[in-house]
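Here's a quick briefing on charged side chains and how they pair up. Have a look at the model first, then read on.

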Amino acid sequence: MAEVLTLPLDLSAEASRRLHVQLEREVAAGLDPGSRQAQIACLSGSLARALHQLRESVRRAVSELPADDPTASNLREAATGMALLAQAVMAGAAGLGAQPLPEA
């Protein structure tokens, strides 16, 4: 059975790259990398926290704009689109089935 290591709660780009390289080596060597559900759950948690921070940042930025500024609407729509895309990726990676992706 493959060893499953839990990743840090907030995965850096470098840590993600190292994990990718490690998995490629294991697959190329014919090893069974085992279930990655623990890593997927950890990455999903990290993404969920980042999305929350994005929503909060957009909320703060929008609150400083005039009520009729079209930038506020654009920021909200962009943040919502990004959140929907990330949630679809997380659901697909978790094996919950693909959800429709928002149109670009």
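**Salt bridges and a buried glutamate**

Glu14 and Arg17 sit three residues apart in helix 1, about one turn of the helix. Helices here are DSSP runs of H or I with at least four residues, strands are E runs of at least two, and both are numbered from the N terminus. Bear in mind that this is a predicted model, where local features need pLDDT of at least 70, side-chain atom pairs count only at pLDDT 80 or more, and totals for chains, interfaces and linings use all residues. Residues are numbered from 1 along each chain as its sequence is written, and side-chain values use heavy atoms, with hydrogens and water left out.

- Side chains of opposite charge can pair when their charged atoms come close.
- The structure has three salt bridges, each one meaning a side-chain nitrogen of Lys or Arg within 4 Å of a carboxyl oxygen of Asp or Glu.
- Glu14 pairs with Arg17 in one of them, with the closest N and O atoms 2.7 Å apart.
- Glu14 also has a salt bridge with Arg18, where the closest N and O atoms are 3.8 Å apart.
- Arg18 and Glu14 are four residues apart in helix 1, again about one turn of the helix.
- Put together, Glu14, Arg17 and Arg18 form a linked network of salt bridges.

**How open the network residues are**

- For the labels, buried means under 20% relative accessible area, exposed means over 50%, and partly exposed is in between (1.4 Å probe, protein chains only).
- Glu14 counts as partly exposed because its relative accessibility is 38%.
- Arg17 is partly exposed too, at a relative accessible area of 45%, and Arg18 gets that label at 48% relative accessibility.

**The pair in helix 2**

- Over in helix 2 (residues 37-63), Glu56 and Arg59 are separated by about one helical turn because they are three residues apart.
- The side chains of Glu56 and Arg59 meet in a salt bridge, at 2.9 Å from N to O.
- Glu56 is partly exposed, with 26% relative accessible area, and Arg59 is partly exposed at 47% relative accessibility.

**Glu26**

- Glu26 is placed in helix 1, which covers residues 13-28.
- With a relative accessible area of 17%, Glu26 is buried.
- Leaving aside residues up to four places away in sequence, Glu26 touches Leu31, Pro33 and Arg36, where contact means heavy atoms within 4.5 Å.
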